[in-house]
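Colleague: I have the model open and would like to go through a few places in it. Shall we begin with how the helices pack?
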Amino acid sequence: MKLTDEMGLEIAERRRVRLTSPDRPVLPGETVTKAQIMAYYDAVAERMLPHIEKRALSLVRVPHGSKPFFQKHDTGGFPDAMKRVAIVLKESDKQDHFYVTDIEGIMAGVQMSTLEFHIWGSHIDTLETPDRIIFDIDPDEGLEFKEVREAARRIREVLREWGLESYPMVTGGKGIHVIAPLKPETEWPLVKLFCRTFAQKLEDNEPDHFTANIRKVERKGRMFVDYLRNERGATAIAPFSTRARPGIPCAVPVSWDELDTLKAANAFTLETAAARAHEPDPWPDYFKLTQSITRAMVESVAGPLKDLKL
């Protein structure tokens, strides 16, 4: 699927999005333009929206001449299609967070030079009860992608032992996200405790392959199982988001069978990711599952809750 500036301009006009500097490359040294990014999100919107709509967002923006930077809160100047919701954070008073409900919201983010959309693990109307968990497999330098694939499959197996089905997504970077959808009924502290203990037990049982320690010096040929995205306020790259990286790769959901055929986590370009969004969904049952993390599961993995400080 070829994405052109003309397509992006036509889409912006049809969607009534004011698109400035449409032919400007979105990153220094790249040829991909803002108009092509607009055309890309129009192509993937139907597949992307169920994963991103009504979730608080963190944005990675790259305004002209700047370096990529994270933006979590509304600082003014954004189009109204980017919705706002006030959220109380532990470290401060209420802050306005962005969220979107439609393709126009995503395109408004593109107009504001957003290249990455990162999502909370809960919806804005069930903010305190996450509806997904995610384990981000971050490999040590020098490890081959086949080892990352094997680590993802191992995490899938262990999650299945807890009755949780999961799905893989290549991130557009170096790693794989293993994502398990949940019924939004267990609050963040218990979900985080389950995920933290899950990652620690992976390290305890398979110390040659996994570490739950974020420090790079601790990896030493192992995979860091990043469980830290499973807490209130943390975000992870959204399915089908572009990445602010060389070549503008995309984060793309894949099936477990397809995972074995991929040579890298950044294998999907704008064109191949856009084409993928029009193929059969590799996660056909994702929104149909009714699995959950229960208090009994948390106690089984972490010990009696009455003895714990959450």
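Colleague: Which residues of α1 meet α2?
Modeller: In this predicted model, Asp5, Met7, Gly8, Leu9, Ile11, Ala12, Arg14 and Arg15 of α1 meet α2. Their partners in α2 are Ala35, Gln36, Met38, Ala39 and Asp42.

Colleague: How do the residues of that contact divide by class?
Modeller: The contact of α1 with α2 has seven nonpolar, two polar and four charged residues.

Colleague: And at what angle do the two axes cross?
Modeller: They cross at roughly 65 degrees, and the axes come within 7 Å. The crossing of α1 and α2 is left-handed.

Colleague: What about α5 and α8; what is the angle there?
Modeller: Helix α5, residues 188-205, packs with helix α8, residues 295-302, at about 35 degrees, and their axes are 9 Å apart. The crossing of α5 and α8 is left-handed. From α5, Leu190, Leu193, Phe194, Thr197, Phe198 and Lys201 take part, meeting Arg295, Met297, Val298, Val301 and Ala302 of α8. By class, eight residues of this contact are nonpolar, one is polar and two are charged.

Colleague: Going back to Val170, what is it in contact with, apart from its neighbours in sequence?
Modeller: Beyond four places in sequence, the contacts of Val170 include Phe145, Ile176, Cys250, Ala251, Leu259, Ala265 and Phe268.

Colleague: Where is Thr171 placed?
Modeller: Thr171 is in the loop between β7, residues 167-170, and β8, residues 176-181.

Colleague: Is Thr171 buried or exposed?
Modeller: Thr171 has a relative accessible area of 5%, so it counts as buried, the limit being under 20%. A polar atom of its side chain lies 3.1 Å from the backbone nitrogen of Gly173, and one lies 3.1 Å from the backbone oxygen of Gly175. Leaving aside neighbours within four places in sequence, Thr171 is in contact with Ile176, His177, Arg243, Cys250, Ala251 and Ala265.

Colleague: Now Gln71, please. Which side chains make polar contacts with its side chain?
Modeller: The side chain of Gln71 is joined to that of Arg61 by a polar contact of 2.8 Å, and it makes a polar contact of 3.1 Å with the side chain of Thr75. Gln71 is found in strand β2, residues 69-71, and is buried, at 5% relative accessible area. Outside four places in sequence, Gln71 is in contact with Ser58, Leu59, Arg61, Phe78 and Phe98.

Colleague: One last topic, the backbone. What is the phi of Ser21?
Modeller: Ser21 has a positive phi of about 45 degrees although it is not a glycine. Ser21 sits in the loop between α1 and α2 and is partly exposed, with a relative accessible area of 37%.

Colleague: And what is the phi of Ile248?
Modeller: Phi of Ile248 is near 50 degrees, a positive value in a residue other than glycine. Ile248 lies in the loop between β11 and β12.

Colleague: Why does Ile248 count as buried?
Modeller: Ile248 counts as buried because its relative accessibility is 0%, and buried means under 20%.

Methods. Residues numbered from 1 in each chain as written. Predicted model: local features only at pLDDT ≥ 70, side-chain atom pairs only at ≥ 80, totals over all residues. Heavy atoms only, no water. Contact = heavy atoms within 4.5 Å. Helix = DSSP H or I, 4+ residues; strand = E, 2+ residues; numbered from the N terminus. Buried < 20%, exposed > 50% of the residue type's maximum accessible area, 1.4 Å probe, protein only. Polar contact = N/O pair within 3.5 Å; in protein donor to acceptor, adjacent residues only side chain to side chain. Axes fitted to C-alpha atoms, helices over the stretch in contact; angles between N-to-C directions. Left-handed = near helix turned anticlockwise from the far one by under 90°. Nonpolar A, V, L, I, M, F, W, Y, C, P; charged D, E, K, R; others polar.
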